[in-house]
Every structure is written in C-alpha cells, then in structure tokens.
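Could you walk me through this chain, from its overall layout down to a few single residues? I'd like to have something to read next to the model.

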Amino acid sequence: MTEIGEFPSIVCAIRVRDVWGNLVTLHRTYLTQNGKKAKVGNAKKMMPIPECVHNVLIWADKDKSVTGEKSANVLKAKLEKRGIRVYLLLPNLPSLERKGLTGTMS
C-alpha cells in the first residue's frame, strides 16, 4: 500500500569537489516513524544533476538482496549515457547478511 502524507526524511547534500565545495544537488529518502524507508512512490530520489558535473562517485552497499548494487548499476548506466564518467564503489568485505550473520552497531 502506498501512503500519502508527511514523512520524516534524510536529505543529503551532494557537493562538487572543488575549492568552494559548491552544492550540486540533493538526495532525499522518505522514512517511516520507525526509521525504515517509507512505502511511497519514489521514496528515494536524486534531484537532477547539473550540466557542469563530469565525474560521479557512486557508493553502493552490499545487502543480502543485492538491491543497492543493482540500483547503483542502473544509475551508472543512465549517467554514462549523458557522457558522465562514473566510478562505482563497493565495500571490500562481504556484507554480514550475505554470510547469514547479524551485526549491530554500538
């Protein structure tokens, strides 16, 4: 079920790697009251990337469902079609979920 309404969110500023650290775009993710990704259309959205961007680093996670890697590759293909050089970065270690382990952060 898709909900419509007001949701808490995480907003991340994407900045250019230059002397000034200019703001390039924003990425936002709508959340539930419990901190999970909200079940809304486009819960995660990257705002448009300006023409002045020529290189992009994509940091993908390694979750059990491989959703992060798949999404990162879709974005990579879209950006490369626009002539943007893309670097896809993944953690070196396998995720704990993939090994059937669980972990907590303290």
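Here's a quick tour, starting with the ground rules and the overall layout.

## Ground rules

This is a predicted model, where local features need pLDDT of at least 70, side-chain atom pairs count only at pLDDT 80 or more, and totals for chains, interfaces and linings use all residues. Residues are numbered from 1 along each chain as its sequence is written, and side-chain values use heavy atoms, with hydrogens and water left out.

## Overall layout

The chain has one helix and five strands; these are DSSP runs numbered from the N terminus, with helices being H or I of at least four residues and strands E of at least two. Reading from the N terminus, the order is β-β-β-β-α-β.

Of the 106 residues in the chain, 21% are buried (buried is under 20% relative accessible area, exposed over 50%, partly exposed in between, with a 1.4 Å probe and protein chains only). Take contacts (heavy atoms within 4.5 Å) between residues at least 6 apart in sequence: 43% of them join residues at least 24 apart.

## The largest pocket

The largest pocket has a volume of about 1400 Å³. A pocket here is an open set of points on a 1 Å grid over the protein atoms alone, where a 1.4 Å probe fits, with protein on both sides within 12 Å along at least five of seven lines; lining residues have an atom within 4 Å of a point. The volume is the space filled by probe spheres set on the points, which are joined across faces, edges and corners.

The lining has 37 residues, and M46, V56, L57, I58 and L75 are the closest to the pocket's centre. Helix 1 gives the largest share, eight residues.

T29 sits in strand 2 (residues 23-30). Is T29 buried or exposed? T29 counts as buried because its relative accessible area is 11%. Beyond residues up to four places away in sequence, T29 touches P8, S9, I10, K37, A43 and K44.

L26 is in strand 2 as well, but L26 is partly exposed, at 35% relative accessible area. Over in strand 1 you'll find C12, also partly exposed, at 38%. Leaving out neighbours within four places in sequence, C12 is in contact with T25, L26 and H27. C12 and T25 are 13 residues apart in sequence, with 8.7 Å between their C-alpha atoms.
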